[in-house]
Amino acid sequence: MKAYDAAADKFYSKISISPVPLASWDIHSFNFHELCENGKDAIFIQNIAESNRWSYRKIDSLSLQRGEVVVITNSKLTIVHATSNMVSMSGYKAEEIIGKTPKLFQGKETSQETLAKIKTAIESKSPFEAVILNYKKDGSTYNCQIKAEPIFNNRGQLVNYIAFEREVA
């Protein structure tokens, strides 16, 4: 064993390395996971854009790093994609809401006036911004700031809606 220790000392004395606290690996690991999830979400959104031939020009500049949840619906408002950070805002995993409508997040205290404004914007195929009281999976509420806009294909047909959402106070 002493021979091993002597050899290790000799080896490590010849190289220049800085010890890294173990806690930094945990932080790196957490951020690495988030980066991987953002990368998967970006690829999925790009695939939706390509398959539906979006004319939407902001797709290359979508910032998944800002902590916003991105929800994409089809033209009938059925959710086709939600970014993986949906779970931190609503308690729902993205795969739990695929195939459902955003009505899933509404409840008895959700403002009917705000819903009517959103409905009017959707019917007129216009972008909208709103703050709405939504419900989490556990039944608790949160204020959700939504910035949404319709997505048209290269022929001018409505194919999707994209919403950027974040919890606000």
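Colleague: How many residues lie between E4 and E5 in their hairpin, and which residue in the turn has a positive phi?

Modeller: Strands here are DSSP runs (E, at least two residues; helices are H or I, at least four), numbered from the N terminus. The hairpin of E4 and E5 leaves 5 residues between the two strands, and glycine 156 in the turn has a positive phi of about 85°. This is a predicted model, in which local features need pLDDT of at least 70 and side-chain atom pairs count only at pLDDT 80 or more, while totals for chains, interfaces and linings use all residues. Residues are numbered from 1 along each chain as its sequence is written, and side-chain values use heavy atoms, with hydrogens and water left out.

Colleague: Which strands pair with E5, and in what sense?

Modeller: Two strands pair if DSSP finds at least two bridges between them. E4 (residues 141-152) runs antiparallel to E5 and is joined to it by 10 bridges, with glutamate 149 having isoleucine 162 of E5 as its bridge partner. E1 (residues 69-74) also pairs with E5 in the antiparallel sense, over 6 bridges, and asparagine 74 stands opposite asparagine 160 in E5.

Colleague: Is E5 mostly covered or mostly uncovered?

Modeller: Buried means under 20% relative accessible area, with a 1.4 Å probe and protein chains only. Of the 11 residues of E5 (residues 158-168), 8 are buried, so defined, and for the chain of 169 residues the buried share is 33%.

Colleague: Where do the strands fall along the sequence?

Modeller: The chain has 5 helices and 5 strands, and the pattern read along the sequence is α-α-β-β-α-α-α-β-β-β.

Methods. Buried < 20%, exposed > 50% of the residue type's maximum accessible area, 1.4 Å probe, protein only.
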